[in-house]
Structures are given as structure tokens and as C-alpha cells.
Amino acid sequence: MSKNIEAKDLNIYYGSFRAVEGVNMSIKKKTVTALIGPSGCGKSTFLRSINRMHEVIAGAHVEGRLELDGQDLYGPGMDPVIVRRQIGMVFQRPNPFPTMSIYDNVIAGMRLNNKKAKKAEFDDTVERSLRGANLWNEVKDRLDKPGSGLSGGQQQRLCIARAIAVQPDVLLMDEPCSALDPISTLAIEDLINELKNEYTIVIVTHNMQQAARVSDFTGFFNIEGTGKPGKLVEMDETKTIFSQPKQKATEDYVSGRFG
Amino acid sequence: MTTTEVRPEPRTAKPVTQLGDRIFAGSAKGAGILILVVLAGVAAFLLTEAFPAIVAPAEDLPGEQNLLLYIWPLLFGTLLSAVIALVVATPLAVGVALFISHYAPRRIAQGLGYLVDLLAAVPSIVYGLWGVGVLAPASVGLMTWLNTYLGWIPLFAGPVSATGRTMLVTGLVLAVMILPIITAVAREVFLQAPRLHEEAALALGATRWEMIKMAVLPFGRSGLVSGAMLGLGRALGETMAVAIVLSVSGVVTFNLVSSGNPSSIAANIALQFPEASGLGVNVLIASGLVLFVVTLAVNMIARYIVNRRSEFSGAN
């Protein structure tokens, strides 16, 4: 249940503004790829373009190709809804549905795909997903309570459980730990290490130690100035990026000498 | 064990506050108290004025009937017309509000929003005239059709009124009247649905409608109930439109398409007051007291419904 992602000359636009320019990137299945770079460099935009979530902003579109195991995600007749069912996403701030219980939050995506599933199937999915997100033991006695009553870190793991409940091919994470304390962050990072056995993971992070800890590959995005499009400067194995990057800009950034 | 008695330092009675804070706190408190005073004043007026009618023996009252028997058909007519209006207007208002907040392109949405607000500004007498002059004659055909094919439902039992001045038409006029207020409230709460939760639903592969069901409607539920209650309050108290449109005979019936209908409390007061004297005035005010109590009860029930699931409201 894991697939490769291939971006070929991908340009991403908001209306007439080109936000990201000429990204060529291949992401191997069952790996963790971290995207790093300064704010506004387009890494989140690129991440959101993988499951077409950037299209919630009117006028957003792309040029070039983005493929999931050879399948053109922006091909004619490709429905963003179908894309998003294959590519799950975890957001910067935990966002469990406040009006739903923990149980209902986990199966929210499954209910969309599979309306006739039996109670037992839902129960199985809830347990499997919550175990997969390392949350089962903490919440198994209060599955009918609202998800918004959990701590921030637990809420974020609930969101991960919700995303993996539909068994996506790819899991995108947009700064998943930036609103969490260090302990919760560690829990999520451990989880990412386990999840990569089953899923292709792409994570945007501002925390370079985190990128170094969790990822196999790292892509560095940069921007030349305000109003200019962001670019993928360099992508390589994480240890190469952090020890001997080929580009000067990458070295400056990872060693804290940018600007 | 030795305890040294520590005498607390003499402290100033009040913490230091800015003058602006004190003025604001005072005026806010004053406004809150004023609401209570007005409400209590209205209740006191209704009670004292209704009292003579409540204690008077039935034979002294105009029409020589029991006060409850007099008010009951009016209360029934009030509730029936208001419920019809609410049942018709609420789904329509939700649809219009969702279209404005989530479907229409921004420019069209703004124009539509103004238009809906404008509808709210039309005086009720105009709606009444439109109801009796246009809608009533125009709906005779519809009501005949309902009676012919759905006549087995008591609501449409007939015989169909020739003028169209029926309970159904009254309910529809009221529905048009309360549509703008429910729409305006619903639009505001739908627009406030958190972006974060909408994106969560979309990222799970929800279509736009599924996203609305998962993130927008549950979030807006309590606001929507409040809006519907505002609308219901207006429908319950609406006077002129009902007085003009409805043809009244005082019977209690669920038959919506015939010419024999119960009047509503507010319309009845408006129509009877000019000729009322003595105990008759007290009787009318007693019916007003009933309307006051009903409106209050409706609002409290709505509050209760909204609060019952407050744990899941997302407010925490």
C-alpha cells in the first residue's frame, strides 16, 4: 500500500503568481522525505500540491507532471477527491473534528468510502488505526468522548490515526510537531519511524534536528527574494545534505549561516 | 507548635482599575440590568392587566365562554402558522446560506447576501398585501391539486377555499418573512466554520457536500437553532400579515387548505382591540400573556437543545 511519487518540472501557481518553480523530485516508496527551507520558500505549497490541497485557494493550478506510480495526479478527468483518498495528510495544528467522538473521528474517512461497512469492520479499523498511531492504550476506554478533549499531542496522533484509517498510499505531514511540546514531538517522531514500514511519508519541518532524526532523504527549498518563486535547491540522502551538501546555499542553511 | 500571628497588611478594598475599564464595565452591567428590567416590566404589565380576565367568571366575559376556551383556538392557530413557516423556511434558509457561504463565487455571494438582507427590511404589511393580493389567488390551483391527490392526508382534506386565504398560504407568507433572518444567521455561522476542520475533511477525500456535512453543519448547528428560533419568534408574533391574509372562523383544525381557520393571538388582538372595552381588553391581554409565555418557553427549549451536546460543540 505504498507508492512512489515523481515530480517532473512542476510549477505551482496561485492565479498568475508562480509560487514554486521547476521542481524535479522522485520520492521512493516506504521512505521518509523531509522538506526544509526558510518560510515562504514553497515547501508547504509543494507538499499540498501532492494531494491537490492547495487547490482550496481559488486560482491555484500547476504546470508539469506529478505522478503517483506513473498515474498522472493532474491528468484530465482526475478528481482531486480521488487523489486525496489515496494521499492522506496531517496538518500543522491538530484538527480532530470537534463535533465527533474519538471513534467517529478515526472512521470519518472510512465512512466516506465505505458507507455500508459493518460495525465490526469499523471497530477493527478504529483499533488498528489507533494502535498504529500509538494512541490505543491511552484512549481505548473513552472512545465515545470528544476528540477535542485530548491533549495536543494526543490530538495530533488522533489525526494521524484518522489519516491512516483509510490506508492511503502516501502520508503528507505539514509541520506536524510545530504546535507540540518536546515529549509529544518525540512520540510523533517514533511513530513516523514505524509508519514508514507501510507508507511513503513526506514531511515539512522547520526543525532541522527533526529532519535529521526522522528522514531518509531531505529536500532543501529556497527563495531568492520576495515575489520570486521558490525552488528545490538540492535533494539527497539526509546524511549527505547535513554533512556534505553540494550547494553553498544548502550548507549555509543547515549550518545556520544563511541570510 | 508555635504560631506567629501574621496580621494581614491593610489593603485597599479594590484593585486599581483604569477609568475607561470602570466606565465600560458599568455601562455593560447597566445594559444587562436594563434588559431584565424591561422584561420584568412587560411581564408585570401583562400579569396585572390579565388578572381581571383570569379571575372573572365565564359568563361575565365577552362571548360568555371560558377564558381558556377563548384562547386555545388562537394559540393553536399561532403555533400552526409558525410551525408551517419554520418547516418551510429553515431548509430553504440553510440551502441559501450554504450557497452564499460555500458554493457561489465571491462576487455573486456578496450580491446575494445584500439581497437577502434587503428582504428582511421589507415591512410586514407589504408581505401581507402581497400574500392576500398575489400569493393567495395564485395558490388556489396548487391547493386544489393537493386536495385532489393528497386529500387523504388530513392536512389537505378541504374543501378548498375559493379565495386562497388559508392557513397554508399564511404559513408560506410567514416563511418568506422569516427566511431572511434565518438565512442571515446561518450564513454567518457557516462562514465561521474553522478552515482547519474544512481542510481536514477535504484531505480525507470528502467532496464539497461531504465536507459541509462533516465540518460545517455540525459546527453551525447551535447557531442555526438560534437563527431558527429568532425566525420562529417573529412568526409567532407576526400580526399584520396574518390579520390580512387569513380567513378566520375560529375552529381548531389541521386542515390547511379550507376557508375555516383559527386566528392567531397577535392578529386577533390587532383585529379586536379597537372594539374591545372593559373585560374584553383584559381578555385580549391575557391572550398576549399566553403568547409571551409560549415565546419564552420556545426559546428556553431551544437553549436546552443546543446545550445538551455542548461537550461536542468545539467550544472547548
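Biologist: How do you know that β1(A) and strand β4 of chain A pair, and which way do they run?

Modeller: This is a predicted model, where local features need pLDDT of at least 70, side-chain atom pairs count only at pLDDT 80 or more, and totals for chains, interfaces and linings use all residues. Residues are numbered from 1 along each chain as its sequence is written, chains are lettered from A and ligands numbered from 1 in the order written, and side-chain values use heavy atoms, leaving out hydrogens and water. As for your strands, two of them pair if DSSP finds at least two bridges between them. Eight bridges join β1(A) to β4 (residues 60-68) of chain A, so they pair, and they run antiparallel. Within that pairing, A:I5 stands opposite A:L68.

Biologist: What makes β1 and β2 of chain A a pair?

Modeller: Seven bridges join β1 (residues 5-14) to β2 (residues 17-27), so they pass as well, again antiparallel. Here A:I5 stands opposite A:I27. In their hairpin, with two residues between the strands, A:G15 takes a positive phi near 65 degrees.

Biologist: Which classes make up the lining of the largest pocket?

Modeller: There are 17 nonpolar, five polar and ten charged residues. Ala, Val, Leu, Ile, Met, Phe, Trp, Tyr, Cys and Pro count as nonpolar, Asp, Glu, Lys and Arg as charged, and the others, Gly among them, as polar.

Biologist: Which element gives the largest share of that lining?

Modeller: That's α3(B), with six residues; a helix is a DSSP run of H or I with at least four residues, a strand a run of E with at least two, numbered from the N terminus.
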